[in-house]
Every structure is written in structure tokens, then in C-alpha cells.
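This briefing is written for a reader who is meeting the structure for the first time. Please look over the sequence and the structure shown here before reading on.

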Amino acid sequence: MIHVRNVFKRYRNHHGSDWVLRDVSFSIPRGVSVGLVGRNGAGKSTLLRLIGGMDHPDRGEIIRNCRVSWPIGLSGGFQGSMTGRQNVKFVARIHGSGRSVDEVIRRVEEFADIGPAFDEPVKTYSSGMKSRLAFGLSLAFDFDLYLSDEATAVGDKVFREKATEAFKDRIGRASLVIVSHSEGILKDLCQAGIWLRKGEALWFDSIHDAIAAYHQSLKAS
Amino acid sequence: MRTSWQVTCSVWHAMFMREALARITAARFAWMWMLVEPIAYVVIMIGVREVMGRVAFASGAEFVPWLITGIVSFNLFRDGVSRSMNAVEANRGLFAYRQVAPVDPVLVRAFLEGMLQTVVFAILIAGCALLGFQIIPADPLGVMFVWLGIWLLGAGGGLVVSSSVALVAEVGRVVRIIMLPLFMLSGAIVPLQMLPHGVQEALLYNPVLHGIESIRLCFFSQYKSLYGVNLLYLWFWALALAALGLALHVRYADRLKAQ
């Protein structure tokens, strides 16, 4: 479903630049959810951005044969002076035809569950409300692959359960790529794992093996 | 699956609605300021002329219509450049959605700005005509053609500046500094006919001047414009800038997104 082939990525700055990802290759089959583990700065978020098409590799290629979401819970695209409804409408319009726009708005309103605030400007929202809206927005579309960067950790307890539930609901119909430091979430939602180590990616068919290998390396160092 | 063209169309539609809403509701009476600004310039310049003792400003045109055509035309160019210049930065958050390319907000803003300025111009012409000034264009088709040229010049400038920011971050600053002298040197509020011939020749390298004088020639049949004004020169600049800007956007799309 997703093929990553010989991908190199680095960010240029003034004092030299090391490769963040070096010759990374793997394929994610249909219906398999993957957890990304690795230390801070190992390139987990970079890899996620590359899979999501928000950034381009310096070398190599990434082939997407399915619909891939933007990282779940992303709220950077919200315009503060516009209401939640208007912001949702904007994203719905980008993604498709006129008929489904109303449907998307209805689903977001239902999932975010922020009541009348849905028609208030986004700049008046608390950070929790904002992430509820962002989360609802990601789940309102039927993607084949969802990307998540520590997103399930937002909101209050009730919402967090709802979010995890929504993820589990989609296993089977859609799969996930998750960056998280919480083992519980990873073991709950993923089957396979990728361990990023010094710019290299190691694929594990079982997420338990990936986490175990990662922990082993932490102990050794 | 949608084709690339369908995706682009839905992005432009969504973005246009968003930008229009944000622009018009940005501040209280944001829409009114678009009208008030050129009117304020006109009032100030009338005051200046009274102080100077009613010198003859330009021959072949009434003073107020002459001023309005100049100021609004320059605004069309200036806002085209400065609004689209900031478009990439202002919409950075949207590049998370794969469908949105850096060139989209620039094009949408340039289009929106052109629409707004056209409405403002129409209202000012109507108002002036009702007050009894001779401002009904002698050659309406010509006015539209020149207006389109000035708009394209602004949009092309915006495309070039917004993409070259990826290479030289300071370009935006420089452009902002240049705008004020350009306002003076384009003949928008001060007639350049009285300057020495040598200076006029140098000023004629400025395409905005050609646009503003051309649009006045279409408005006022008796108008004596600066010698050497050429509409074709304006269109050459406009098309060249637009082509260069689009090429830069294609070349540096990734870098603009990543910044």
C-alpha cells in the first residue's frame, strides 16, 4: 500500500547537515498498522511527514497507492478569526465534492462534541477544544491510512477514550501509522513496528519485538 | 480518484471563500477602509493643491478624476504585489494538506484583490460621476484592457516576490521599501509632465507609470500624457513577471512548503 524506497532526507542549515534518514526502505501492506519507535530526534516525525506528503525526500521515492490522511490532530491550518464550522467547511471543500461537505461537517460536529462553541471563532477555543475539533476533522474523512503523531494524548479523559475507541473502530477498514512513546497505545493498535535508529529503519513484523529491541538498546547505552 | 485539475479547482474554490471571508471580516469595517483610503488621498491632495494656489496639474483632464484614476490603479498594482507576497507565509499551516501547493494562495489572493479593487473603482467612478465630475471613460473597453494589464503586473510581481523569498528572505522587506517611492514616481498623485526630459526618459523604465498613464488616456479623450507611454511595454512586463513567477513557484515548490 505504501512503498518507501531508498529514502534520504536531511534539513540544511548553516553548520553542515547530517542525514536525518539514511537509505530507508520498507513497504506497509494493506491493513497493517505500524508503530514507529525510537529516541527523540531519531527521525520519527520526519518519516511521518514524508509518508503524509507534507515534505519531500532528498533522494528516493515514496509511493502511495491509497488515501493517506494528514497527521491526526493537526490544528495549524485553522484560521483563528473563522468559526469551527467555517474551518471544517474549508477542509471539506479541499477534499472533495459539494454533496459530502455537509456530511463531513455533521460528523465533525458530532465527534468533537463542543456544543455551541462550534459556531464561535477558533481563537476563542481552549487548546483542548481545538484538538477535539482537529481530531474530529481527521476522523470525518474515510482515509485508508491514518497518520498519528502522539495525537491520542490530547483532550480530557473521556475524549481520550473516545479517540482510542474511534481508532480501534477503524482497524480492519483502515490502518494506522503511529508515532508514540506510550507502549500501551502502540501494543493496542499496531501489529508491526519500525525502529528508527541513527537514521536507519528496522522493520519488525510484530510491534512487541520492535519495542523489545528498542528497550534493549536503551539499556545497553 | 479526482484528476489534478479537479483537485486544484476545489482547492481554489475553498481558498477563495476562506480568503474572502477573512479579508472582509478581518477588522471592523474592513471593507469600508478599502473605499476610505483612496478618498482620503484625494482629499489630502486637493488640500495640497489649494495651498499651492491651484496650479494647473495636468492638461486635458479634471483634477479629481485624474487623481482617482491614478491612485486606484496604483492600489491595484501595490495590493496585488503586497497581498500575494504574504500569501505563502500566512497559509503555511495549510500545506499540511497535500492538495494545497504554495502557488495556490498566491493566485487566489491576487484574484481576490483584483476583484475587490475593481468593485472599489466602480463605486468611486459612480460616486464621482454623480458629483458631476467628468469621469465616465471615453474608451471603456480600453480601460478594462489596461486595468487587466495592471492587475496582471501586480499578480506577476506577487508571484515572483512570494517565490523568491525561498532564496532570499529579505526580498519582502526591500519590496515594501520600494513601494513608496514607486507611488511617487508612477505619476499616481504627482504629474511627471513638468520634469526635465532626461528624468522623464529614466522614469519611463517603470511599467507602472505606463499603466497609469495608459488608463488615463482611455478615460480622458483630450488628455496629454507623458511622451513615450506605451501600453505594450506594460503588457510585456506583466507577462514576463507572471511567467517568471510561475516558473519559480514550480522550481521551488518543495522549498517553499518546507520552510
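## Overview

Chain A has 7 helices and 9 strands, where helices (H or I, at least four residues) and strands (E, at least two) are DSSP runs, numbered from the N terminus. This is a predicted model, in which local features need pLDDT of at least 70 and side-chain atom pairs count only at pLDDT 80 or more, while totals for chains, interfaces and linings use all residues. Residues are numbered from 1 along each chain as its sequence is written, and chains are lettered from A and ligands numbered from 1 in the order in which they are written.

**Chain A as a whole**

- Because a compact globule with 221 residues would have a radius of gyration near 17 Å, the 18 Å of chain A agrees with that expectation; the radius is taken over C-alpha atoms, and the globule rule is 2.2 Å times the number of residues to the power 0.38.
- Taken along the principal axes, the box filled by the C-alpha atoms of chain A is roughly 50 × 35 × 30 Å.
- Of the 221 residues in chain A, 43% are buried, a residue being buried if 20 or more other C-beta atoms lie within 10 Å of its own, exposed if 12 or fewer, and partly exposed in between, with C-beta atoms placed from the backbone.
- Among the contacts in chain A with a separation of 6 or more, 63% are between residues 24 or more positions apart, and two residues are in contact if their C-beta atoms, placed from the backbone, lie within 7 Å.

**The sheet of 6 strands in chain A**

- An open sheet with mixed pairing is formed by 6 strands of chain A in the order S5-S6-S7-S3-S8-S9, two strands being paired if DSSP finds at least two bridges between them.
- Strand S5 (68-72) and strand S9 (200-204) of chain A stand at the edges with a single partner strand each, so one side of each is left without a neighbour in the sheet.
- From one strand to the next, the twist of this sheet averages 15°.
- Strand S6 (residues 145-149) and strand S7 (residues 175-179) of chain A run parallel and are joined by 5 bridges, and Leu145(A) has Ser175(A) in S7(A) as its bridge partner.
- Helix H1 (residues 44-51) of chain A lies across strand S3 (34-37), S5, S6, S7 and strand S8 (192-197), and runs at about 150° to S7(A); axes are lines fitted to C-alpha atoms, for helices over the stretch in contact, and angles run from 0 to 180 degrees between N-to-C directions.

**A residue in strand S5**

- Pro71(A), which is found in strand S5 of chain A, is buried, with 23 other C-beta atoms within 10 Å.
- Leaving aside neighbours within four places in sequence, Pro71(A) is in contact with Leu48(A), Gly52(A), Leu147(A), Ser148(A) and Asp149(A).
- Between Pro71(A) and Met54(A), which are 17 residues apart in sequence, the C-alpha to C-alpha distance is 9.4 Å.

- Strand S1 (residues 2-10) of chain A runs antiparallel to strand S2 (residues 19-28), to which 6 bridges join it, and His3(A) stands opposite Ser27(A) in S2(A).
- Strand S1 of chain A is also joined by 5 bridges to strand S4 (residues 59-64), with the two running antiparallel, and Ile2(A) stands opposite Arg64(A) in S4(A).

**Helix packing in chain B**

- Helix H3 (residues 63-85) and helix H6 (residues 140-164) of chain B pack at an angle of about 25°, with their axes 7 Å apart.
- That angle makes H3(B) roughly parallel to H6(B), since angles under 35 degrees count as roughly parallel, over 145 as roughly antiparallel, 65 to 115 as roughly perpendicular and the rest as oblique.
- Helix H2 (residues 30-52) and helix H5 (residues 103-130) of chain B pack at an angle of about 55°, with their axes 10 Å apart, and H2(B) and H5(B) are therefore oblique to each other.
- The contact is made by Met34(B), Leu35(B) and Pro38(B) of H2(B) and by Leu116(B), Val120(B), Ile123(B) and Leu124(B) of H5(B).
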